[in-house]
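Please walk me through this structure in my viewer, one selection at a time. Tell me what to pick next and what is found there.

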Amino acid sequence: MKINMVEAINLCLKQEMERDKNIVVMGEDVGVDGGVFRVTDGLYTKFGRDRVIDTPLSESGIIGTAIGMAALGLRSVPEIQFQGFEYNAYHHIVQHAARLRNRTRGALNVPMVIRLPYSGGIKALEHHSESLETVYLHIPGLKLVCPSSPYDAKGLLASSLKDEDPVLYFEPKRLYRAFKEEVPEEHYEIEIGKAHVLKEGNDVTVISWGAMTYISKEAVAEAEKQGISVEHIDLRTLSPCDWEAIHKSVSKTGRCVVVHEAVKTLGFGAEIAARIMEKDFLSLEAPVKRVTAWDITIPYPKTEDYYFPDKKRILKGIIETAKF
Amino acid sequence: MPITQVFEGKVDYMQIIDKDGVVDSKLEPKLPNELLEKMYRFMVLGRIWDKKCLVLQRTGRMYTYAPLEGQEAIAVGSTLATESGDWIFPTYRESFIYHIRGTPLDMINVAWMGMEDGLKIDPSLCCFPIAVPIATQFVHAVGGAYSLRAKGIKSAVLSYGGDGSTSEGDFHDALNFAGVWNSPCVFIVSNNQWAISVPRKWQTKSETIAQKALAYGFKGIQVDGNDVLAVYSAVKEAADNARLGKGPVLIEAITYRMGPHTTADDPKKYRSEEEVAYWRERDPIKRFQIYLQKKGIWNEEYEQKLIADCAKIVEDAVTKAEAYTQDPKDMFKFVFAKMTKDTKEQMDECFGVG
């Protein structure tokens with residue numbers, strides 16, 4: 001069936017909730033309203049108020065209770081309506097979700113999937129365009145999954161809903177309805193921790209995830225037209241990260257461009273560059289290039305186009321790296 | 001030992017003008033006609049401006065907007081009850097307050113048209129920028145009030161939120177701190193019945209929101225939030241007392257969000273037409289119009305002139321805002337007091353310099 005990302009996530013939630021009676025969806029407006037992006041549309045009618053909970057308006061309350069639910073037998077799937085409002089809940093994610101397994105030496109765990117609509121480029125109000133992967137990647141004990149297509153969204157969510165650890169499921173809202181693609185109706189899983197080589201090439205490796213994969217594809221196609229052979233890797237999951245796939249590619253191309261829409265300083269590109277230095281220093285033909293947002297507060301919508309990496313900037317990064 | 005009662009509380013409800021414009025003469029504040037007219041003018045202007053913003057958003061001339069319709073009496077009544085040195089910490093739904101306080105209307109449009117310059121409010125107007133995260137302004141207000149008192153300034157500090165905001169920890173932190181510090185704060189909860197799609201009854205099991213103040217050791221009162229005189233009187237008394245050092249008050253203003261949460265929301269998905277119709281009969285402007293008519297202030301001619309004046313103000317503010325430009329480079333200029341070398345380099349890279 002040909003569906004967009006919202007439909008893919010919705011379908012997956014429906015199927016997995018039928019399969020596993022322990023799955024409980026919760027958050028602000030996820031029930032009657034079906035979510036402000038309609039991702040949970042129809043679930044309330046199908047599964048009822050006990051399994052699709054319209055919670056009071058409190059991110060801290062949502063994640064705190066979701067942790068308790070998960071630790072004592074349910075599989076909670078809390079939604080934070082926009083990632084920019086997650087900070088209230090961060091305390092619980094870091095201090096407890098990430099640590100309960102270790103604290104109890106495995107006696108308790110938190111099989112919770114936090115759905116986080118993230119990313120900018122949709123001309124939204126302040127606090128609605130964040131890309132905060134770094135704040136979670138810095139915390140041991142949290143998995144982070146970030147699909148870049150409807151197919152990946154369904155398969156990665158299915159895996160996340162079977163995972164025994166807390167998973168942050170980043171939904172690039174810029175891609176929610178950006179395109180449709182063929183997605184199997186039946187259950188399938190995409191392994192957490194494995195990157196996806198979207199396109200093989202020999203001159204430069206481009207690494208991206210989520211919304212930036214979509215934007216990078218355009219730049220990669222343009223670079224190919226200009227005679228640069230690009231290997232494009234979509235990470236799919238950032239924690240655990242598929243370092244092996246990065247090593248395999250960069251040791252072949254010797255050149256790497258990382259694209260992310262988070263700010264430059266301590267963005268995941270910094271970690272990738274450092275790992276490449278450690279592992280592939282002798283293969284490198286050029287410094288690792290980062291194409292990122294600037295180290296400033298995300299602007300209001302009128303001027304946000306200057307902020308996020310676009311096709312032009314990514315292409316420039318690829319060309320500079322290829323010609324270095 | 002017998003069990004003894006250790007706490008007893010009560011919460012009053014105040015309405016001065018009912019939905020049909022009938023006034024309770026015992027509670028009616030004896031306000032000068034000039035102020036009454038100002039109240040009406042701002043409510044009408046607020047509504048016309050609000051409707052225009054919706055049109056602008058629907059036609060791609062404004063970004064996501066949070067409508068005010070139905071809640072004009074709270075914004076207008078509370079603001080006009082303050083003195084110029086009182087501080088106001090609004091949410092996104094009360095941005096019109098900036099204009100009541102003296103900000104040009106076109107600059108509020110500039111903010112909703114996606115430019116930070118719109119929130120560069122003249123500090124002499126004593127207004128905090130709107131808070132998009134829920135309930136955070138309440139705690140900032142308590143801190144602001146502490147600062148004013150430390151500097152010997154006897155001002156009240158107003159902060160606003162919706163019924164949904166009372167579920168956030170920050171709301172409770174604010175009330176707790178304000179109680180302990182005896183802060184000169186007036187907390188105004190616009191209970192408009194809906195936090196996007198979640199009804200008030202799913203937000204809290206408390207019968208009233210006002211009663212939450214009792215748990216923190218100070219007074220909570222419920223008012224008809226669609227009655228501008230009730231809002232005005234409650235806020236005036238609370239703010240006057242706050243300035244005298246008598247501590248904080250929580251005012252729950254009962255109202256209704258007539259429109260969507262924001263332009264991105266579709267309320268038909270979660271609430272009935274009947275409910276909306278019930279509240280339309282309780283419109284804040286209509287009843288005040290009847291009140292003013294009985295006072296001999298309002299008539300049809302008065303209305304037509306006022307509407308024409310307001311429409312012109314709104315149109316002018318749109319024209320001015322649409323002509324407004326903000327230098328994109330400014331996004332780099334306000335990160336720190338002094339731009340760092342690294343920020344400068346990134347700015348140059350962004351704009352293709354060097």
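Predicted model: local features only at pLDDT ≥ 70, side-chain atom pairs only at ≥ 80, totals over all residues.

A:Arg38 belongs to the loop between β2 and α2 of chain A. Its phi is near 70°, a positive value in a residue other than glycine.

Stay in that loop and select A:Asp29, which also lies between β2 (23–27) and α2 (43–47) of chain A. A:Asp29 is not a glycine, yet its phi is positive, at about 70°. Is A:Asp29 buried or exposed? A:Asp29 is buried, because 24 other C-beta atoms lie within 10 Å and the cut-off is 20 or more.

**The two domains of chain A**

Colour residues 2–182 of chain A as domain 1 and residues 196–323 as domain 2. The C-alpha centres of these two domains of chain A are 26 Å apart. Where they touch, domain 1 of chain A brings 26 residues and domain 2 of chain A brings 21 residues. On the domain 1 side, α6 (133–137), β6 (143–145), α7 (150–160) and β7 (167–172) of chain A each supply at least two residues. That side of domain 1 of chain A has twelve nonpolar, seven polar and seven charged residues.

**A sheet in chain A**

Now show the strands β9, β11, β10, β13 and β14 of chain A. They form an open sheet of five strands in the order β9-β11-β10-β13-β14, with mixed pairing. Which strands stand at the edges? The edge strands are β9 (196–199) and β14 of chain A, and each pairs on one side only. On average, neighbouring strands of this sheet are turned by 25° against each other, direction ignored.

Zoom in on β9(A) and strand β11 (residues 230–234) of chain A, which run antiparallel and are joined by three bridges. Select A:Lys199 to find A:His232 of β11(A) standing opposite.

**Two prolines in chain A**

Select A:Pro240, in the loop between β12 (237–239) and α9 (243–253) of chain A. The peptide bond from A:Ser239 to A:Pro240 is cis, with omega near -5°.

Move on to A:Pro299, in the loop between β14 (289–293) and α11 (311–323) of chain A. Why does A:Pro299 count as buried? A:Pro299 has 25 other C-beta atoms within 10 Å, and 20 or more are needed, so this residue is buried. Apart from neighbours within four places in sequence, A:Pro299 is in contact with A:Glu304, A:Tyr307 and B:Met331. For a distance check, pick A:Leu266: this residue is 33 residues from A:Pro299 along the chain, and their C-alpha atoms are separated by 19 Å.

**Where the chains meet**

Show both chains together. How many residues does each chain bring to the contact? Chain A gives 29 residues and chain B gives 32 residues. On the side of chain A that touches chain B, 14 residues are nonpolar, seven polar and eight charged. The predictor gives the complex an ipTM of 0.94 and a pTM of 0.96.

**Chain B**

Colour chain B by pLDDT: the average is 97, and 100% of the residues score at least 70. Then mark domain 1 (12–323) and domain 2 (327–354) of chain B. The centres of these two domains of chain B, taken over C-alpha atoms, are separated by 37 Å.

Show an open sheet of six strands in chain B, with the order β1-β7-β8-β4-β3-β2 and parallel pairing. β1 (12–14) and β2 (87–89) of chain B are at the edges with a single partner strand each, so one side of each has no neighbour in the sheet. The twist averages 20° from one strand to the next.

Select β7 (residues 219–224) and β8 (residues 249–254) of chain B, which run parallel and are joined by six bridges. B:Asp224 has B:Ile254 in β8(B) as its bridge partner. Finish with helix α2 (residues 72–80) of chain B, which packs on the sheet and touches β2, β3 (157–162), β4 (185–191) and β8 of chain B. The direction of this helix makes about 165° with that of β4(B).

Conventions: Residues numbered from 1 in each chain as written. Chains lettered and ligands numbered in written order. Contact = placed C-beta atoms within 7 Å. Nonpolar A, V, L, I, M, F, W, Y, C, P; charged D, E, K, R; others polar. Pairing = 2+ DSSP bridges. Helix = DSSP H or I, 4+ residues; strand = E, 2+ residues; numbered from the N terminus. Axes fitted to C-alpha atoms, helices over the stretch in contact; angles between N-to-C directions. Domains from an automatic or database assignment. Buried ≥ 20, exposed ≤ 12 C-beta atoms within 10 Å, placed from the backbone. pLDDT = per-residue confidence, 0-100.
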